[in-house]
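Here are my notes on this one, written for someone who will have the model open alongside. Skim them in any order.

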2 protein chains.
Amino acid sequence: MVRTKLADVARLAGVDISTASRVLRGEATQRIRQETRERVLQSARTLNYAPNQLARGLRMARSATFGIVVPQLDNPVFASAIFGAEKATLRHGYSLLIAHRGSDATDSVYQRMSHGNRVDGLLVASLDDDKLLRNELEAAQVPFVLLNRQLADAPHAVVLDSRAAAEIAVDHLVALGHRRIAHLAGRPGGFNAGERLAGYRGALERHGIGFDPALVAVAGYTAEGGAQAMRQLLAQRPTAVLGATLVTAAGAMAVLHEGGLQIPQDVSVVGLHDAPVATMLYPQLTTVKMPTERMGELAADLLIALVDGRTPDTIAPLPPDGMVIRSSTGPAPF
Amino acid sequence: MVRTKLADVARLAGVDISTASRVLRGEATQRIRQETRERVLQSARTLNYAPNQLARGLRMARSATFGIVVPQLDNPVFASAIFGAEKATLRHGYSLLIAHRGSDATDSVYQRMSHGNRVDGLLVASLDDDKLLRNELEAAQVPFVLLNRQLADAPHAVVLDSRAAAEIAVDHLVALGHRRIAHLAGRPGGFNAGERLAGYRGALERHGIGFDPALVAVAGYTAEGGAQAMRQLLAQRPTAVLGATLVTAAGAMAVLHEGGLQIPQDVSVVGLHDAPVATMLYPQLTTVKMPTERMGELAADLLIALVDGRTPDTIAPLPPDGMVIRSSTGPAPF
DNA sequence: GGCGCTGGCGCAATCGATTGCTGCCGCCTA
DNA sequence: TAGGCGGCAGCAATCGATTGCGCCAGCGCC
């Protein structure tokens, strides 16, 4: 299983390997006769040549590989971001190393990936504490781009416009006549949680509906958290619920079912983020679709620009792709 | 951002780089004085040295990287397999390149990964046609291990015991008094679909229940497929349904809801494979938990053995982890 | 006292590709 | 005719780590 190398191509074409290299890399500064060029290209094709990325990487100090680190692998939002990142890296001849960093991680994945020159840069989706994350990324000593996350002093990030997402969800509910709209909020202090809350609140006020703190409960990002928050909010008799994520919304739906409340006749439910699982719930969940795949793509593009030494523009928060209206929302009762 | 290299360590320790290398690699054949050894190790620690994987890979013709190829990224089963594979590769100092191969793929991901010596081997989860898959894997010219899939002439695979899974699901339903048990089958001709069907059928017969082809409908592996199959089966008035996957079971549940049937009072539902999404459905889905994460781990271990030149034993189908009884199954009506 | 052995370590080749520099050939100009 | 120059292509160093081989000093043995 010996792979063909540059020397094989050069020998077949009757040229030096340096010439073969120049032809195949398409180097512009050196002039090579058209006829020679074609001979080399033909040989490469015949031998099905592909450059050894390890050798090239060693010489050029570039591995043509990025690492992507996510907190969980089975979350559809991250899956979609990975998908987008994979598309973009592939387009540029890069590969994508994957790793996850659970909350129980003892070492730094970032450092593990960057040490040993395995990757040229990192795509980072993290729910970690700012300080910890900053330290670990600093130790990794490679360019990085954050996914849906801000960090002071970290200039490169691609974020979703969570505020706008919350707003259009509230708009949708208000248009259906709802005025008692509860919010299952994310982790307090978190960047996105704050944005979503602000969007929720802003939209309410825009519609002349007072903000009632009793209608907001912290749900975090799990189904169980959504369920607990919903139980707590039931006493407030909301006619609609806005979940911070699809998963918390699903947790809330389970509680409504248990409580004998009809969705959407008694209570409407909206989740932020869309994924196939939304169609598997009953009733199918109305969501705000967010460009998570695009986020992954843009982040990878940005990282490529960074390692190429360009200084890319910062990217504005990505607006929602719009509401996906399914069966979990309907007119407000009475 | 210059990383420390072996030469730096050697200089600090006052030895040749070859000596430093031998110490750090723990080479056994060469004798090195204890004192020298410690000096080198100390220098490496001081400088926070990590070997350049590109250089080492070039020299040793080993990238210490595997590729994993999955049909979809957002399927919890694959996510879990990736998770397991990542754990195992990490344990052995390997990294994991990720790629997906949609049904619309035009080129061969396998070849793309293996060409250029980026990976030492491939973990392959594929739903492709046998012939296509075989050809593409052959062209890739690297060792590979199949995930939950058999292929003639491909000796290395780690599969789940789908037959046993279907059996214990049927056992569970029969124990609850069900006798009209429908099956939402996978893709006809598929390896796993056949196994599941055989398990379903075998268990029925073991319990003295005749096999009724009218109670089996092809659902494929999507929620929509599950829904269609369920619609078709409704006329047969089953009291229980066994979905080939969690996703098809969810699709079936939606149809039952629409039809005004109560779960589990009128119809019980079981899905094969377990994942967090099972708890997000209403009612929460009873499933057969399969060791998908373990499958990924074992496959990676097996691949490591292969590239090390060992010839590992074939691995027996992994038995189910057991039933996870939630709220979607209950006693048969009347 | 010479020879050989062995422990301990350094020299240098090697993996495959990239790239600065040099060399050769032919033609043009002075 | 000599010098110069432009077009083309090869030589050889380089990236960082691994490893076969050889060197040297010290010791034991005859």
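1. Ground rules. This is a predicted model, where local features need pLDDT of at least 70, side-chain atom pairs count only at pLDDT 80 or more, and totals for chains, interfaces and linings use all residues. Residues are numbered from 1 along each chain as its sequence is written, while chains are lettered from A and ligands numbered from 1 in the order in which they are written.

2. DNA strand C. Helices (H or I, at least four residues) and strands (E, at least two) are DSSP runs, numbered from the N terminus. At least two residues each come from α1 (6-13), α2 (17-25) and α4 (53-60) of chain A, and from α2 (17-25) and α4 (53-60) of chain B. The top contributor is α2(A), with 6 residues.

3. DNA strand D. The class tally reads 11 nonpolar, 7 polar and 9 charged.

4. Core. The largest nonpolar core runs to 189 residues, and A:Leu122, A:Leu123, A:Ala299, B:Leu122, B:Leu123 and B:Ala299 have the most contacts inside it. Such a core is a set of buried Ala, Val, Leu, Ile, Met, Phe, Trp, Tyr and Cys residues joined through C-beta atoms within 7 Å. Buried stands for 20 or more other C-beta atoms within 10 Å of a residue's own, exposed for 12 or fewer, and partly exposed for anything in between, with C-beta atoms placed from the backbone. Leaving aside neighbours within four places in sequence, A:Ala299 is in contact with A:Ala85, A:Leu123, A:Val145, A:Leu147 and A:Val158 (contact: C-beta atoms, placed from the backbone, within 7 Å).

5. Most residues other than glycine have a negative phi, and most peptide bonds are trans. Still, A:Ile263 and A:Pro264 are joined by a cis bond, omega about 5°, and the bond from B:Ile263 to B:Pro264 is cis too, omega near 5°. A:Pro264 sits in the loop between α11 (246-258) and β9 (268-272) of chain A. A:His273, not a glycine, has a positive phi of about 85°; this residue is in the loop between β9 and α12 (277-280) of chain A and counts as buried because it has 25 C-beta neighbours inside 10 Å. B:Ala64 also has a positive phi, about 55°, in the loop between α4 and β1 (65-70) of chain B. With 19 other C-beta atoms within 10 Å, B:Ala64 is partly exposed.

6. Chain contacts. 44 residues of chain B touch 44 residues of chain A. On the chain B side, α4, α5 (76-91), β2 (95-100) and α11 give two or more residues each, and the classes are 26 nonpolar, 14 polar and 4 charged.

Notes. Ala, Val, Leu, Ile, Met, Phe, Trp, Tyr, Cys and Pro count as nonpolar, Asp, Glu, Lys and Arg as charged, and the others, Gly among them, as polar. Two residues are in contact if their C-beta atoms, placed from the backbone, lie within 7 Å.
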